[in-house]
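Dear colleague,

Please find the structure below, together with its sequence.

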Amino acid sequence: MMAAIAAAGAGAAVTVYERGDRPGRKLFITGKGRCNVTTSVPAEDFFEHISCNPRFLYSAFYGFDNQAVQAFFESHGCPLKREHGERVFPVSDHSSDVIRTLTAEMERLGVRVRFGSRVAGVFIETSPGETEDMPHRCVRGVRLADGHVEAADAVVVCTGGASYPATGSTGDGYRFAEEAGLSVTGRSPALVPMEIAEDWCAELQGLPLRNVTLRLDVVPEPGQKQRKKRRPLYEGFGEMLFTHFGVSGPLVLSASCACTPFGQPLALTLDLKPALTPEQLDARILRDLEERHNKNFKNTLDALLPAKMIPVIVRLSGIDPQKRAAEVTREERRALVDLLKGLRLTVTGLRGFEEAIITRGGVDVRGIDPSTMQAKGTEGLFFAGEVLDVDAVTGGFNLQIAWSTGHLAGISAAGR
Ligand SMILES: Cc1cc2nc3c(=O)[nH]c(=O)nc-3n(C[C@H](O)[C@H](O)[C@H](O)COP(=O)(O)OP(=O)(O)OC[C@H]3O[C@@H](n4cnc5c(N)ncnc54)[C@H](O)[C@@H]3O)c2cc1C
(Lines give C-alpha, C1' and ligand atoms only; values in the text may rest on other atoms or scores of the structure.)
Protein backbone atom coordinates (compact mmCIF):
# COMPACT_ATOMS: atom_id res chain seq x y z
CA MET A 1 0.00 0.00 0.00
CA MET A 2 2.83 2.41 0.78
CA ALA A 3 4.58 1.43 -2.46
CA ALA A 4 1.34 2.07 -4.37
CA ILE A 5 0.90 5.47 -2.74
CA ALA A 6 4.49 6.48 -3.51
CA ALA A 7 4.23 5.32 -7.13
CA ALA A 8 0.86 6.95 -7.72
CA GLY A 9 2.07 10.12 -5.97
CA ALA A 10 4.95 10.17 -8.46
CA GLY A 11 2.51 10.05 -11.35
CA ALA A 12 2.26 6.34 -12.21
CA ALA A 13 -0.97 4.47 -12.95
CA VAL A 14 -0.99 1.80 -10.23
CA THR A 15 -2.90 -1.41 -9.66
CA VAL A 16 -2.57 -3.41 -6.42
CA TYR A 17 -3.23 -7.15 -6.72
CA GLU A 18 -4.27 -8.51 -3.32
CA ARG A 19 -5.14 -12.16 -2.97
CA GLY A 20 -7.31 -11.55 0.08
CA ASP A 21 -10.73 -9.95 0.23
CA ARG A 22 -9.59 -6.85 2.16
CA PRO A 23 -6.45 -4.77 2.61
CA GLY A 24 -3.87 -5.13 5.38
CA ARG A 25 -4.92 -8.33 7.11
CA LYS A 26 -1.57 -8.63 8.86
CA LEU A 27 -1.48 -4.92 9.60
CA PHE A 28 -4.86 -5.35 11.30
CA ILE A 29 -3.44 -7.75 13.92
CA THR A 30 -0.18 -5.87 14.54
CA GLY A 31 0.54 -4.59 18.04
CA LYS A 32 -2.34 -6.67 19.42
CA GLY A 33 -4.74 -4.77 17.17
CA ARG A 34 -3.24 -1.37 18.08
CA CYS A 35 -0.51 -1.33 15.37
CA ASN A 36 2.89 -0.23 16.58
CA VAL A 37 3.23 1.72 13.38
CA THR A 38 6.85 2.83 13.79
CA THR A 39 9.43 3.84 16.37
CA SER A 40 10.45 7.28 17.62
CA VAL A 41 14.13 6.41 18.18
CA PRO A 42 16.52 9.01 16.72
CA ALA A 43 17.28 8.18 13.08
CA GLU A 44 20.94 7.46 13.86
CA ASP A 45 19.91 4.76 16.39
CA PHE A 46 17.48 3.04 14.02
CA PHE A 47 20.01 0.63 12.52
CA GLU A 48 21.08 -0.76 15.91
CA HIS A 49 17.67 -2.41 16.06
CA ILE A 50 17.92 -4.08 12.67
CA SER A 51 18.95 -7.71 13.11
CA CYS A 52 19.81 -8.56 9.48
CA ASN A 53 21.42 -6.46 6.74
CA PRO A 54 21.05 -3.00 8.31
CA ARG A 55 23.32 -1.30 5.75
CA PHE A 56 21.09 -2.40 2.91
CA LEU A 57 18.40 -0.13 4.38
CA TYR A 58 20.38 3.14 4.46
CA SER A 59 18.96 4.69 1.26
CA ALA A 60 15.43 3.45 1.84
CA PHE A 61 15.36 4.64 5.45
CA TYR A 62 16.93 8.05 4.91
CA GLY A 63 14.57 8.61 1.96
CA PHE A 64 11.49 7.93 4.11
CA ASP A 65 12.48 7.64 7.76
CA ASN A 66 10.45 7.21 10.93
CA GLN A 67 9.84 10.98 11.17
CA ALA A 68 8.50 10.98 7.61
CA VAL A 69 6.25 8.01 8.40
CA GLN A 70 4.83 9.78 11.43
CA ALA A 71 4.32 12.96 9.40
CA PHE A 72 2.60 10.92 6.68
CA PHE A 73 0.04 9.39 9.04
CA GLU A 74 -0.54 12.56 11.07
CA SER A 75 -1.02 14.72 7.98
CA HIS A 76 -3.45 12.19 6.52
CA GLY A 77 -5.81 12.20 9.49
CA CYS A 78 -4.31 9.50 11.72
CA PRO A 79 -2.86 11.18 14.85
CA LEU A 80 -0.16 9.18 16.61
CA LYS A 81 1.11 8.85 20.17
CA ARG A 82 4.41 7.71 21.64
CA GLU A 83 4.56 5.06 24.35
CA HIS A 84 7.34 3.46 26.41
CA GLY A 85 10.19 1.97 24.43
CA GLU A 86 9.77 4.69 21.74
CA ARG A 87 6.82 2.77 20.30
CA VAL A 88 4.43 4.79 18.15
CA PHE A 89 0.71 3.91 17.94
CA PRO A 90 -2.39 5.59 16.52
CA VAL A 91 -4.03 7.72 19.23
CA SER A 92 -7.23 5.73 18.67
CA ASP A 93 -5.42 2.44 19.53
CA HIS A 94 -7.00 0.93 16.42
CA SER A 95 -4.89 -0.60 13.65
CA SER A 96 -7.96 -0.18 11.43
CA ASP A 97 -7.28 3.58 11.42
CA VAL A 98 -3.82 2.95 9.94
CA ILE A 99 -5.37 0.78 7.24
CA ARG A 100 -8.11 3.32 6.60
CA THR A 101 -5.52 6.10 6.18
CA LEU A 102 -3.63 4.07 3.60
CA THR A 103 -6.71 3.00 1.65
CA ALA A 104 -8.12 6.55 1.64
CA GLU A 105 -4.86 7.89 0.24
CA MET A 106 -4.73 5.14 -2.39
CA GLU A 107 -8.26 6.05 -3.41
CA ARG A 108 -7.44 9.77 -3.57
CA LEU A 109 -4.49 9.03 -5.85
CA GLY A 110 -6.56 6.78 -8.11
CA VAL A 111 -4.84 3.48 -7.24
CA ARG A 112 -6.92 0.52 -8.45
CA VAL A 113 -7.12 -2.34 -5.95
CA ARG A 114 -8.08 -5.80 -7.18
CA PHE A 115 -9.07 -8.04 -4.27
CA GLY A 116 -9.22 -11.81 -4.66
CA SER A 117 -6.42 -11.55 -7.26
CA ARG A 118 -3.58 -13.90 -6.50
CA VAL A 119 -0.48 -13.26 -8.56
CA ALA A 120 0.93 -16.57 -9.81
CA GLY A 121 4.08 -15.17 -11.36
CA VAL A 122 5.86 -12.14 -12.74
CA PHE A 123 5.95 -12.05 -16.53
CA ILE A 124 9.53 -11.38 -17.58
CA GLU A 125 10.68 -11.10 -21.19
CA THR A 126 14.16 -12.30 -21.91
CA SER A 127 16.03 -11.12 -24.98
CA PRO A 128 19.64 -11.61 -26.06
CA GLY A 129 21.92 -9.27 -24.17
CA GLU A 130 25.35 -7.88 -24.91
CA THR A 131 26.91 -11.21 -23.98
CA GLU A 132 25.40 -14.69 -24.27
CA ASP A 133 25.48 -15.43 -20.54
CA MET A 134 23.90 -12.03 -19.68
CA PRO A 135 20.49 -11.94 -21.37
CA HIS A 136 18.44 -8.78 -21.14
CA ARG A 137 15.47 -9.31 -18.85
CA CYS A 138 12.58 -6.91 -18.62
CA VAL A 139 9.29 -7.05 -16.71
CA ARG A 140 6.18 -7.07 -18.88
CA GLY A 141 3.48 -7.65 -16.24
CA VAL A 142 2.01 -10.23 -13.91
CA ARG A 143 0.31 -13.56 -14.44
CA LEU A 144 -2.71 -14.06 -12.21
CA ALA A 145 -3.78 -17.37 -10.73
CA ASP A 146 -6.88 -17.34 -12.96
CA GLY A 147 -4.60 -17.33 -16.02
CA HIS A 148 -4.95 -13.68 -16.99
CA VAL A 149 -1.83 -11.74 -17.84
CA GLU A 150 -1.88 -8.07 -16.84
CA ALA A 151 0.59 -5.79 -18.58
CA ALA A 152 2.83 -3.48 -16.56
CA ASP A 153 6.04 -1.52 -17.06
CA ALA A 154 7.13 -2.30 -13.51
CA VAL A 155 6.14 -4.74 -10.76
CA VAL A 156 6.78 -4.23 -7.04
CA VAL A 157 6.65 -7.53 -5.14
CA CYS A 158 5.34 -6.86 -1.60
CA THR A 159 4.06 -10.30 -0.74
CA GLY A 160 5.42 -10.36 2.83
CA GLY A 161 7.24 -13.24 4.47
CA ALA A 162 6.04 -16.72 5.39
CA SER A 163 4.83 -16.01 8.92
CA TYR A 164 1.16 -15.92 9.93
CA PRO A 165 0.24 -17.40 6.52
CA ALA A 166 -3.45 -17.11 7.40
CA THR A 167 -3.11 -13.37 6.69
CA GLY A 168 -2.13 -14.09 3.07
CA SER A 169 1.67 -14.11 3.30
CA THR A 170 2.49 -17.64 2.21
CA GLY A 171 5.87 -16.84 0.70
CA ASP A 172 4.86 -16.52 -2.97
CA GLY A 173 7.36 -13.70 -3.46
CA TYR A 174 10.30 -16.03 -2.79
CA ARG A 175 9.32 -18.05 -5.82
CA PHE A 176 8.93 -14.89 -7.94
CA ALA A 177 12.47 -13.93 -6.93
CA GLU A 178 13.89 -17.35 -7.79
CA GLU A 179 12.10 -17.37 -11.13
CA ALA A 180 13.79 -14.03 -11.86
CA GLY A 181 17.16 -15.63 -11.16
CA LEU A 182 17.64 -14.09 -7.70
CA SER A 183 18.79 -16.13 -4.75
CA VAL A 184 16.70 -16.50 -1.62
CA THR A 185 18.36 -17.24 1.72
CA GLY A 186 17.10 -19.93 4.14
CA ARG A 187 14.01 -18.85 6.04
CA SER A 188 13.12 -19.45 9.66
CA PRO A 189 10.42 -18.21 12.00
CA ALA A 190 11.65 -15.27 14.12
CA LEU A 191 10.21 -13.25 17.00
CA VAL A 192 8.52 -16.46 17.99
CA PRO A 193 7.42 -18.23 21.22
CA MET A 194 9.63 -20.95 22.72
CA GLU A 195 8.88 -24.57 23.60
CA ILE A 196 10.04 -25.60 27.05
CA ALA A 197 10.82 -29.06 28.44
CA GLU A 198 9.62 -28.43 32.01
CA ASP A 199 6.01 -29.57 32.12
CA TRP A 200 5.07 -27.20 34.95
CA CYS A 201 4.93 -24.40 32.35
CA ALA A 202 1.62 -25.83 31.14
CA GLU A 203 0.27 -25.55 34.70
CA LEU A 204 0.94 -21.82 34.51
CA GLN A 205 -0.70 -21.41 31.09
CA GLY A 206 -2.09 -17.89 30.70
CA LEU A 207 -0.05 -16.41 33.55
CA PRO A 208 1.78 -13.20 32.58
CA LEU A 209 4.89 -12.15 34.51
CA ARG A 210 5.76 -8.45 34.50
CA ASN A 211 9.05 -6.81 35.48
CA VAL A 212 11.15 -9.95 35.31
CA THR A 213 14.57 -10.38 33.76
CA LEU A 214 15.29 -13.18 31.35
CA ARG A 215 18.64 -14.56 30.25
CA LEU A 216 19.22 -16.97 27.37
CA ASP A 217 22.32 -19.17 27.46
CA VAL A 218 23.79 -21.94 25.37
CA VAL A 219 23.91 -25.17 27.41
CA PRO A 220 27.14 -27.10 26.80
CA GLU A 221 26.46 -30.58 25.34
CA PRO A 222 27.21 -33.46 27.73
CA GLY A 223 30.95 -34.03 27.71
CA GLN A 224 31.61 -30.60 26.20
CA LYS A 225 33.75 -28.34 28.39
CA GLN A 226 32.01 -25.24 29.75
CA ARG A 227 34.00 -22.24 28.62
CA LYS A 228 34.61 -19.78 31.39
CA LYS A 229 32.05 -16.97 31.71
CA ARG A 230 30.33 -17.46 28.37
CA ARG A 231 28.29 -14.37 27.51
CA PRO A 232 24.52 -14.91 27.41
CA LEU A 233 22.89 -14.87 23.98
CA TYR A 234 20.29 -12.46 25.29
CA GLU A 235 19.47 -10.58 28.46
CA GLY A 236 16.39 -8.44 28.91
CA PHE A 237 13.79 -7.03 31.29
CA GLY A 238 10.04 -6.87 30.77
CA GLU A 239 6.96 -9.01 30.35
CA MET A 240 6.48 -12.66 29.43
CA LEU A 241 3.70 -15.20 29.40
CA PHE A 242 3.40 -18.93 30.15
CA THR A 243 1.59 -21.03 27.54
CA HIS A 244 0.57 -24.69 27.18
CA PHE A 245 3.79 -25.40 25.24
CA GLY A 246 6.23 -23.09 27.01
CA VAL A 247 6.72 -19.35 27.05
CA SER A 248 5.77 -16.32 24.96
CA GLY A 249 5.31 -12.54 25.42
CA PRO A 250 7.49 -9.59 24.36
CA LEU A 251 10.58 -10.59 26.35
CA VAL A 252 10.57 -14.15 24.97
CA LEU A 253 9.93 -13.00 21.39
CA SER A 254 12.90 -10.64 21.61
CA ALA A 255 15.07 -13.40 23.09
CA SER A 256 14.08 -15.74 20.25
CA CYS A 257 15.79 -13.39 17.79
CA ALA A 258 19.10 -14.40 19.37
CA CYS A 259 18.60 -18.10 18.61
CA THR A 260 16.98 -18.09 15.15
CA PRO A 261 17.35 -20.59 13.52
CA PHE A 262 17.23 -22.89 16.53
CA GLY A 263 19.91 -25.53 16.58
CA GLN A 264 21.63 -25.85 19.93
CA PRO A 265 20.58 -26.72 23.49
CA LEU A 266 19.52 -23.53 25.26
CA ALA A 267 18.35 -22.53 28.72
CA LEU A 268 16.33 -19.57 29.94
CA THR A 269 16.98 -18.23 33.42
CA LEU A 270 14.30 -16.04 34.97
CA ASP A 271 14.89 -13.61 37.80
CA LEU A 272 11.42 -13.18 39.27
CA LYS A 273 12.61 -10.47 41.67
CA PRO A 274 15.21 -8.44 39.80
CA ALA A 275 14.66 -5.33 41.92
CA LEU A 276 15.90 -7.14 45.06
CA THR A 277 19.41 -8.37 45.80
CA PRO A 278 19.61 -11.95 47.14
CA GLU A 279 20.13 -10.50 50.64
CA GLN A 280 17.12 -8.19 50.32
CA LEU A 281 14.97 -11.04 49.01
CA ASP A 282 16.10 -13.30 51.84
CA ALA A 283 15.17 -10.61 54.37
CA ARG A 284 11.82 -10.17 52.67
CA ILE A 285 11.08 -13.93 52.78
CA LEU A 286 12.18 -14.09 56.43
CA ARG A 287 9.75 -11.29 57.26
CA ASP A 288 6.90 -13.03 55.41
CA LEU A 289 7.65 -16.30 57.22
CA GLU A 290 7.73 -14.56 60.60
CA GLU A 291 4.45 -12.78 59.94
CA ARG A 292 2.89 -16.16 59.01
CA HIS A 293 4.78 -18.31 61.55
CA ASN A 294 1.78 -20.52 62.37
CA LYS A 295 0.94 -21.27 58.75
CA ASN A 296 2.23 -24.11 56.58
CA PHE A 297 5.06 -23.12 54.23
CA LYS A 298 2.79 -23.53 51.19
CA ASN A 299 0.59 -20.73 52.56
CA THR A 300 3.34 -18.18 53.11
CA LEU A 301 4.19 -16.99 49.60
CA ASP A 302 0.99 -15.13 48.78
CA ALA A 303 2.56 -11.66 49.14
CA LEU A 304 5.56 -12.62 47.03
CA LEU A 305 4.16 -14.54 44.04
CA PRO A 306 1.01 -14.76 41.87
CA ALA A 307 -1.35 -17.39 43.33
CA LYS A 308 -1.06 -19.68 40.29
CA MET A 309 2.69 -19.86 40.67
CA ILE A 310 2.84 -20.74 44.36
CA PRO A 311 2.25 -24.55 44.10
CA VAL A 312 4.92 -24.78 41.36
CA ILE A 313 7.52 -22.81 43.32
CA VAL A 314 6.74 -24.72 46.51
CA ARG A 315 7.28 -28.00 44.64
CA LEU A 316 10.50 -26.84 42.96
CA SER A 317 11.89 -25.49 46.25
CA GLY A 318 11.93 -28.99 47.73
CA ILE A 319 10.67 -27.58 51.03
CA ASP A 320 7.96 -29.68 52.71
CA PRO A 321 4.74 -27.77 51.89
CA GLN A 322 3.24 -28.79 55.25
CA LYS A 323 6.22 -27.53 57.25
CA ARG A 324 5.36 -24.73 59.64
CA ALA A 325 6.74 -21.36 58.52
CA ALA A 326 8.67 -20.97 61.76
CA GLU A 327 10.56 -24.21 61.04
CA VAL A 328 11.87 -23.29 57.57
CA THR A 329 15.65 -23.33 57.89
CA ARG A 330 18.09 -20.70 56.73
CA GLU A 331 19.44 -23.12 54.06
CA GLU A 332 15.93 -23.76 52.78
CA ARG A 333 15.31 -20.03 52.62
CA ARG A 334 18.55 -19.46 50.73
CA ALA A 335 17.62 -22.20 48.25
CA LEU A 336 14.28 -20.48 47.75
CA VAL A 337 16.07 -17.19 47.04
CA ASP A 338 18.28 -18.94 44.46
CA LEU A 339 15.19 -20.45 42.84
CA LEU A 340 13.32 -17.15 42.60
CA LYS A 341 16.33 -15.33 41.22
CA GLY A 342 17.40 -18.12 38.89
CA LEU A 343 14.41 -20.13 37.69
CA ARG A 344 15.74 -22.39 34.91
CA LEU A 345 13.80 -23.46 31.83
CA THR A 346 15.13 -25.79 29.13
CA VAL A 347 14.36 -24.56 25.60
CA THR A 348 13.54 -27.49 23.31
CA GLY A 349 12.62 -25.50 20.22
CA LEU A 350 10.91 -22.52 18.67
CA ARG A 351 7.32 -22.44 17.44
CA GLY A 352 6.63 -22.41 13.70
CA PHE A 353 5.76 -19.86 11.04
CA GLU A 354 2.08 -19.94 12.08
CA GLU A 355 3.02 -18.15 15.30
CA ALA A 356 6.07 -16.16 14.21
CA ILE A 357 5.81 -12.38 14.11
CA ILE A 358 8.30 -12.24 11.26
CA THR A 359 10.33 -14.38 8.89
CA ARG A 360 14.11 -14.30 9.09
CA GLY A 361 15.76 -14.68 5.69
CA GLY A 362 14.25 -13.99 2.28
CA VAL A 363 15.28 -12.43 -1.02
CA ASP A 364 19.06 -12.10 -0.87
CA VAL A 365 19.75 -8.37 -0.70
CA ARG A 366 22.94 -8.78 -2.74
CA GLY A 367 20.63 -9.22 -5.74
CA ILE A 368 18.76 -5.96 -5.06
CA ASP A 369 19.98 -2.42 -5.75
CA PRO A 370 19.63 -0.69 -2.34
CA SER A 371 19.23 2.74 -3.93
CA THR A 372 16.10 1.72 -5.91
CA MET A 373 14.95 -1.72 -4.62
CA GLN A 374 15.19 -2.98 -8.22
CA ALA A 375 16.35 -6.54 -8.84
CA LYS A 376 19.79 -6.55 -10.40
CA GLY A 377 19.56 -7.99 -13.89
CA THR A 378 15.81 -7.58 -14.37
CA GLU A 379 14.53 -4.19 -15.44
CA GLY A 380 11.29 -3.15 -13.77
CA LEU A 381 11.22 -5.80 -11.03
CA PHE A 382 11.25 -4.37 -7.49
CA PHE A 383 10.99 -5.94 -4.02
CA ALA A 384 9.94 -4.35 -0.73
CA GLY A 385 8.95 -5.33 2.81
CA GLU A 386 9.31 -8.59 4.66
CA VAL A 387 9.92 -10.64 1.51
CA LEU A 388 13.48 -9.24 1.66
CA ASP A 389 16.20 -10.69 3.88
CA VAL A 390 15.97 -7.85 6.39
CA ASP A 391 14.39 -7.98 9.82
CA ALA A 392 14.41 -6.23 13.14
CA VAL A 393 13.49 -6.56 16.80
CA THR A 394 10.01 -5.63 18.05
CA GLY A 395 9.04 -1.99 18.57
CA GLY A 396 7.73 -0.77 15.20
CA PHE A 397 10.97 -1.47 13.32
CA ASN A 398 9.60 -4.16 11.02
CA LEU A 399 6.77 -1.95 9.80
CA GLN A 400 9.24 0.91 9.34
CA ILE A 401 11.28 -1.41 7.10
CA ALA A 402 8.13 -2.09 5.07
CA TRP A 403 7.20 1.63 4.84
CA SER A 404 10.74 2.71 3.85
CA THR A 405 11.45 -0.01 1.30
CA GLY A 406 7.89 0.21 -0.09
CA HIS A 407 8.19 3.97 -0.53
CA LEU A 408 11.54 3.71 -2.31
CA ALA A 409 10.39 0.84 -4.54
CA GLY A 410 7.22 2.76 -5.44
CA ILE A 411 9.06 5.93 -6.40
CA SER A 412 11.69 3.99 -8.35
CA ALA A 413 9.07 1.93 -10.19
CA ALA A 414 7.19 5.10 -11.15
CA GLY A 415 10.37 6.66 -12.47
CA ARG A 416 10.91 3.99 -15.11
C1 LIG B 1 0.83 -10.86 15.13
C2 LIG B 1 1.79 -9.87 14.50
C3 LIG B 1 1.98 -8.64 15.12
C4 LIG B 1 2.90 -7.73 14.57
N5 LIG B 1 3.02 -6.51 15.17
C6 LIG B 1 3.88 -5.60 14.64
C7 LIG B 1 3.96 -4.28 15.18
O8 LIG B 1 3.18 -3.91 16.07
N9 LIG B 1 4.89 -3.44 14.65
C10 LIG B 1 5.72 -3.79 13.62
O11 LIG B 1 6.56 -2.99 13.21
N12 LIG B 1 5.61 -5.02 13.04
C13 LIG B 1 4.70 -5.92 13.52
N14 LIG B 1 4.57 -7.14 12.90
C15 LIG B 1 5.37 -7.41 11.67
C16 LIG B 1 4.75 -6.68 10.48
O17 LIG B 1 3.35 -6.86 10.49
C18 LIG B 1 5.31 -7.19 9.15
O19 LIG B 1 6.70 -7.14 9.16
C20 LIG B 1 4.75 -6.33 7.98
O21 LIG B 1 3.34 -6.44 7.92
C22 LIG B 1 5.37 -6.74 6.64
O23 LIG B 1 4.74 -6.00 5.65
P24 LIG B 1 4.68 -6.51 4.13
O25 LIG B 1 3.86 -5.50 3.39
O26 LIG B 1 6.03 -6.83 3.65
O27 LIG B 1 3.89 -7.90 4.19
P28 LIG B 1 2.40 -8.25 4.68
O29 LIG B 1 1.92 -7.26 5.66
O30 LIG B 1 2.44 -9.68 5.07
O31 LIG B 1 1.52 -8.06 3.36
C32 LIG B 1 1.66 -8.92 2.25
C33 LIG B 1 0.39 -8.88 1.44
O34 LIG B 1 0.60 -9.54 0.20
C35 LIG B 1 -0.52 -10.36 -0.10
N36 LIG B 1 -0.05 -11.43 -0.98
C37 LIG B 1 0.86 -12.40 -0.70
N38 LIG B 1 1.07 -13.19 -1.76
C39 LIG B 1 0.28 -12.70 -2.75
C40 LIG B 1 0.06 -13.07 -4.11
N41 LIG B 1 0.70 -14.11 -4.65
N42 LIG B 1 -0.82 -12.36 -4.85
C43 LIG B 1 -1.49 -11.29 -4.32
N44 LIG B 1 -1.32 -10.89 -3.01
C45 LIG B 1 -0.44 -11.58 -2.26
C46 LIG B 1 -1.00 -10.84 1.25
O47 LIG B 1 -2.34 -11.26 1.20
C48 LIG B 1 -0.76 -9.62 2.13
O49 LIG B 1 -1.88 -8.79 2.18
C50 LIG B 1 3.65 -8.06 13.40
C51 LIG B 1 3.43 -9.29 12.77
C52 LIG B 1 2.50 -10.18 13.31
C53 LIG B 1 2.27 -11.49 12.62
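Which residues have the most contacts inside the largest nonpolar core? They are Ala4, Val155, Val156, Phe382 and Phe383, and this core has 71 residues. H12 gives the largest share of it, nine residues. Please note that this is a predicted model, in which local features need pLDDT of at least 70 and side-chain atom pairs count only at pLDDT 80 or more, while totals for chains, interfaces and linings use all residues. Residues are numbered from 1 along each chain as its sequence is written.

Some terms need explaining. A nonpolar core is a set of buried Ala, Val, Leu, Ile, Met, Phe, Trp, Tyr and Cys residues joined through C-beta atoms within 7 Å. Buried means that 20 or more other C-beta atoms lie within 10 Å of the residue's own, with C-beta atoms placed from the backbone. Helices (H or I, at least four residues) and strands (E, at least two) are DSSP runs, numbered from the N terminus.

Val156 touches Ala3, Phe382, Ala384, Ala409, Gly410 and Ala413, leaving aside residues up to four places away in sequence; such a contact requires C-beta atoms within 7 Å. Another core, of 43 residues, lies apart from the largest one and includes Val192, Phe242, Val328 and Ala356.

The ligand is surrounded by 33 residues, of which the closest are Gly31, Gly160, Gly168, Gly385 and Leu399; a residue counts if its C-beta atom, placed from the backbone, lies within 6 Å. Strand E1 (15–18), helix H2 (25–29) and helix H12 (397–414) each give two or more residues to this shell. By type, the shell holds 13 nonpolar, 13 polar and seven charged residues; here Asp, Glu, Lys and Arg are charged, Ala, Val, Leu, Ile, Met, Phe, Trp, Tyr, Cys and Pro are nonpolar, and the others, Gly among them, are polar.

Turning to the strands, two of them pair if DSSP finds at least two bridges between them. E7 (residues 119–131) and E8 (residues 134–144) are antiparallel, with nine bridges, and a hairpin of two residues joins them. Thr131 has Met134 in E8 as its bridge partner. E8 also runs parallel to E19 (residues 378–379), with two bridges, and Cys138 stands opposite Glu379 there. Three bridges join E8 to E9 (residues 149–151) in the antiparallel sense.

Finally, six strands close into a barrel with antiparallel pairing, in the order E12-E15-E14-E13-E16-E17.

Yours sincerely

Notes
Buried ≥ 20, exposed ≤ 12 C-beta atoms within 10 Å, placed from the backbone. Contact = placed C-beta atoms within 7 Å.
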